Structure formats: structure tokens, C-alpha cells
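Student: I have a structure to go through for class. Can we look at it together?

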Amino acid sequence: MEGSSTDLISSLLPLVALFAIFYFLIIRPQQKQAKAHKEMVSNLKKGDKIVTNGGLIVEVVKVEDTYFLVKNNDGTEMKLVREFVAKLLED
């Protein structure tokens, strides 16, 4: 009876260790990055310069609930969905 329980523990130990490695190397950093990105998008305001997922550098003109009204360098205004903001450009 004792031998079978130690066999079970020794066979599950590598799986638990593998899950812990995946959690700390992949899942946790990705969650931290997603949280930081969400916070950055929620703190955007008029006048901020951002980069979109498409690579455009634009300036925020108006902040709405689901989108931003942004202005391109040539003065063209367009709507940008919040999920497509890649990063904030620091001046």
C-alpha cells in the first residue's frame, strides 16, 4: 500500500512542476502585460500620441466609451476601437 502511494506522488510531481514552470514563465507575465495595457488604454486622454496595431502614429482628439477619435499627421480624423491601441508614445 505504501509503495503505490509513493509511486503516485512521484509520477504526479513532474506534472505539477511542469505546470508551475508554465505558470511562472508564460501565464503570469502575459496577465501582467495585459493588465498594464488595459490600464494604459483607460488612462489615454486628448492630446496623447499613440501607435495603432497597424503601425499608424496618431493623436487622440476625443475619448469615447468604445473608441477614440484620432487625428493623423495630415489632419484626417478617424475612429479607432480601443482594442487596436498598441502603445503610448512618450514625448
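Tutor: We will go through the core, a surface patch and some strands. Keep in mind that this is a predicted model.

Student: OK, which residues make up the largest nonpolar core?

Tutor: Ten residues in all: M40, V41, L44, I50, V58, V60, F68, V70, L80 and V85.

Student: And which elements give two or more residues to this core?

Tutor: Those are α1 (2–42), β2 (57–63) and β3 (67–71).

Student: What is F68 in contact with, leaving aside its neighbours within four places in sequence?

Tutor: Its contacts include V41, L44, V60, L80 and V85, and those five are also listed in the core. F68 also contacts K62, V63, M78, K79 and R82.

Student: Switching to the surface. Which residues make the nonpolar patch?

Tutor: L18, F19, I21, F22, L25, I26 and I27, with an area of about 690 Å².

Student: Take I21. Where is I21 found?

Tutor: In helix α1.

Student: Why is I21 called partly exposed?

Tutor: Because its relative accessible area is 48%, and partly exposed covers values between the 20% limit for buried and the 50% limit for exposed.

Student: Now the strands. How many bridges join β1 to β2?

Tutor: Three, and the two strands run antiparallel. β1 covers residues 49–52. Their hairpin has four residues between the strands, and G55 there takes a positive phi near 95°.

Student: What else does β1 pair with?

Tutor: β5, residues 85–88, also antiparallel and over three bridges.

Student: Which residues stand opposite V51?

Tutor: I57 in β2, and K87 in β5.

Technical notes. Residues numbered from 1 in each chain as written. Predicted model: local features only at pLDDT ≥ 70, side-chain atom pairs only at ≥ 80, totals over all residues. Heavy atoms only, no water. Core = buried A, V, L, I, M, F, W, Y, C linked by side-chain atoms within 4.5 Å. Buried < 20%, exposed > 50% of the residue type's maximum accessible area, 1.4 Å probe, protein only. Contact = heavy atoms within 4.5 Å. Patch = residues over 30% accessible without salt bridge, like charges linked within 9 Å, V, L, I, M, F, W, Y side chains within 5 Å. Areas by Shrake-Rupley, 256 points an atom, 1.4 Å probe, with all protein chains shown as cover. Salt bridge = Lys/Arg side-chain N within 4 Å of Asp/Glu carboxyl O. Pairing = 2+ DSSP bridges.
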